[in-house]
Amino acid sequence: VQLQACGGGLVQAGGYLRLSCAASLRTFSRYAMAWFRQSPGKERQFVAGIWGDYYDDYTDSVKGRFSISRDNAQKTVYLQMNSLKPEDTAVYYCAADLGRAMRNPVTYNYWGQGTQVTVSS
């Protein structure tokens, strides 16, 4: 199983980025997909998750700014990030597991390689 994340980059505060994560999961639609982020010296933090036909979850700090979506035909999950802030700077990882999207990273069996997001002030 491979998860390939891309779309990170350097952006000014207030800007936007769209992350993508392509998965080689055979039954992609059955998997909960999530985005986590990690800054140097900090624990990996849940950002957003999506599962089932329409369930999603967001950490409070990104609600109203970030939007997670998925294309089951393309086996890809997206994270649209708007109104970016310097505190959003981190390496962003996609993750996959069966069931619902949990906020605890230890529950995920599959991880992408991470993509760097840097927001300048």
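Tutor: Happy to! Keep in mind that this is a predicted model. Let's begin with strand β1, residues 3-6, where Leu 3 and Ala 5 make up the covered face, while Gln 4 and Cys 6 make up the uncovered one.

β1 and β3 run antiparallel and are joined by 4 bridges. Within this pairing, Cys 6 stands opposite Ser 20 in β3.

Strand β3 also leads us to the disulfide. The structure holds 1 disulfide, and it joins Cys 21 to Cys 94, with an S to S distance of 2.1 Å. Cys 21 belongs to strand β3 (residues 17-23) and Cys 94 to strand β9 (residues 90-98), so the pair ties together parts that lie 73 residues apart in sequence. The torsion about the S-S bond is about 60 degrees, which means that the disulfide is right-handed.

How accessible are the two partners? Cys 21 has a relative accessible area of 0%, so Cys 21 is buried. Cys 94 is buried too, at 0% relative accessibility.

And where does that leave Cys 6? Cys 6 is in no disulfide. Its nearest cysteine sulfur belongs to Cys 21 and is 8.4 Å away, whereas a disulfide needs two cysteine sulfur atoms within 2.5 Å.

Definitions and conventions. Residues are numbered from 1 along each chain as its sequence is written. This is a predicted model: local features need pLDDT of at least 70, side-chain atom pairs count only at pLDDT 80 or more; totals for chains, interfaces and linings use all residues. Side-chain values use heavy atoms; hydrogens and water are left out. Helices (H or I, at least four residues) and strands (E, at least two) are DSSP runs, numbered from the N terminus. Buried means under 20% relative accessible area, exposed over 50%, partly exposed in between (1.4 Å probe, protein chains only). Two strands pair if DSSP finds at least two bridges between them.
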